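Me: I would like to go through some labels given to contacts in a protein model and see what each one rests on.

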Number of protein chains: 2
Amino acid sequence: MTESNQQESPTLHPLYQQVRRMLVDRLASGDWSPGELLPSETALAQLYGVSQGTIRKALDTMAAERLVVRHQGRGTEVAKHDSERSLFQFWHLYGEDGTRQIPSSKVLKCTRTTARAGEARLLKIKRGAPVIRIGRCRYINDQPLIIEWITLPAERFPGIENYGKDLPNTLYSLYQKHYRVTIQTAVEKLRAVTADRRDAEPLGIKAGAPLLEIERVALDLEDEPVELRMSRCDTQSLHYRNVLD
Amino acid sequence: MTESNQQESPTLHPLYQQVRRMLVDRLASGDWSPGELLPSETALAQLYGVSQGTIRKALDTMAAERLVVRHQGRGTEVAKHDSERSLFQFWHLYGEDGTRQIPSSKVLKCTRTTARAGEARLLKIKRGAPVIRIGRCRYINDQPLIIEWITLPAERFPGIENYGKDLPNTLYSLYQKHYRVTIQTAVEKLRAVTADRRDAEPLGIKAGAPLLEIERVALDLEDEPVELRMSRCDTQSLHYRNVLD
DNA sequence: AAGTGGTCTAGACCACAGC
DNA sequence: CTGTGGTCTAGACCACTTT
């Protein structure tokens, strides 16, 4: 290997990308659990028959993608959905003072049903396929500010409807721990809409008030859509913050 | 240097970060212009008395920050605000079909005045300091969809008010070419608001319709705020897209 | 003390751009 | 052909965490 190491596989030329691909596949298949430490760089180098520098580059790219977290002196940890990550990667709503506050949730509804056409398209499942639909109202400082409708493909989350109103607040940790589904990326579409009566009542506002609508499609490690989330937010005392860089 | 290279300066320990700092400073001071090629890695290595690998790491981090664009075989180019970059980094509004369309602009107003309290705070200038205030209406497919109010500190953009209604569509290129101001980052705050009469008339909608309000503070290479932009968007046929990853 | 990732170096070859 | 950045390797030392 020290003398002939160019493109052993013709598919994905650079070695470090091939290694990355193999490691990501093993992550997705659950060979290591979130929070666990991967083998050390030297061990992986031996395992895959490449130099430590190549392993390092693969792991560095994976760290940039937040698939793993590197700790000097400890090792390389499989990223897990602690509250920290949910907060920093997936929560963009801030209070007037600029602080990010964790909302509490009340589950309004949690039932098994079938996918509507729009849901099916976004989740890449068949129209009419079984889905779980969850409705939540989310509170900040005891004020109801967000109405949220979540659609999950039932196939990926068997039995999740049995949680009913006892669904935990941080769903992504639940997905990861109990269903081996890691949310890796999400795409959001934002619009300004008008509150209808169904929004207005739980939020304690007038129908016709402006709301920020957020449609989120969340993707797993394989970039497959696994959750659809429609939120409507009262932005009188909240705003959505985005950093462009 | 080949034998004693640990922390020659006690301020910023890793060598590659020190090199990065020096290069960024030279970029900010205009030693190289946007679009120019930097000296090659080997030349920089000699210049700073470090190995090529260290220069490479510095340049790679700068490429990740979009300060610089690397071209295999050509060299390392100072990033410039072509339409591409403006589009991909700073334009988040998409049409219903998911395509990103370049809006045209009509300047409604372009005058020199003084900073209001809120503007002064966001731009980190004194209240009452001279500013340029620009009002634009932006069109997509000849439809007016966005009303935009821009505030610039007059000190950084001397004489820009003389452009009047002939201001170009892509302001960031103008900032960079004529005022040596490179927009590097921006922070946006989004809210849903209600159209007032001043919004409704140019947009051709009813007062009271929901609009997406975007407040953007744009920062230069030194992370100093240099532009404040308040946009109000009709999101009936547009949405704001954000990728969380 | 032992093991981990972080930094730095030096040298090799490859892929690509431009003359 | 020359020069550029891109990949890969090997080996050194440092900083940190854990035992």
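Predicted model: local features only at pLDDT ≥ 70, side-chain atom pairs only at ≥ 80, totals over all residues.

Me: Why is the pair of A:Phe90 and A:Tyr172 called edge-to-face?

Reply: The planes of A:Phe90 and A:Tyr172 are 85° apart, and an angle over 60 counts as edge-to-face. The centres are 5.3 Å apart, and the limit for a pair is within 6.5 Å, so the label holds.

Me: What makes this pair a tie between separate parts of the chain?

Reply: A:Phe90 belongs to helix H4 (residues 83-90) of chain A and A:Tyr172 to helix H6 (residues 171-179) of chain A, so the pair ties together parts 82 residues apart in sequence. Both A:Phe90 and A:Tyr172 are buried.

Me: Why is the pair of A:Phe157 and A:Tyr175 called tilted?

Reply: The angle between the planes of A:Phe157 and A:Tyr175 is 55°. Stacked needs under 30 degrees and edge-to-face over 60, so this angle falls to the remaining class, tilted. The centres lie 4.7 Å apart. A:Phe157 sits in the loop between strand S6 (143-153) and H6 of chain A, and A:Tyr175 in helix H6 of chain A. Both A:Phe157 and A:Tyr175 are buried.

Me: Which residues do ring pairs link into a cluster?

Reply: The cluster consists of A:Phe90, A:Phe157, A:Tyr172, A:Tyr175 and A:Tyr179. Over all chains, the structure holds 8 aromatic pairs.

Me: How do you know that A:Lys57 lies over the face of A:Tyr16?

Reply: A:Lys57 is at 4.7 Å from the ring centre of A:Tyr16, and the cut-off is within 6 Å, with a further condition of within 35 degrees of the ring normal. A:Lys57 is listed as lying over the face. A:Arg241 likewise lies over the face of A:Tyr94, at 4.4 Å from the ring centre.

Me: What makes the contact of A:Glu96 and B:Arg191 a salt bridge?

Reply: The N to O distance between their side chains is 2.9 Å, and the cut-off is within 4 Å, so the term applies. The count between chain B and chain A is 2 salt bridges.

Me: Which elements give two or more residues to the side of chain B that touches chain A?

Reply: They are helix H4 (83-90), strand S7 (185-194), strand S8 (210-219) and strand S10 (238-244) of chain B. S7(B) gives the largest share, 10 residues.

Me: What area do chain B and chain A bury between them?

Reply: About 2500 Å², with 53% of it on carbon and sulfur atoms. On the chain B side, B:Arg191, B:Asn242 and B:Leu244 lose the most area to chain A.

Notes. Residues numbered from 1 in each chain as written. Chains lettered and ligands numbered in written order. Heavy atoms only, no water. Phe/Tyr/Trp six-rings, centres within 6.5 Å; stacked < 30°, edge-to-face > 60°. Helix = DSSP H or I, 4+ residues; strand = E, 2+ residues; numbered from the N terminus. Buried < 20%, exposed > 50% of the residue type's maximum accessible area, 1.4 Å probe, protein only. Buried area = accessible area lost by both parts, 1.4 Å probe.
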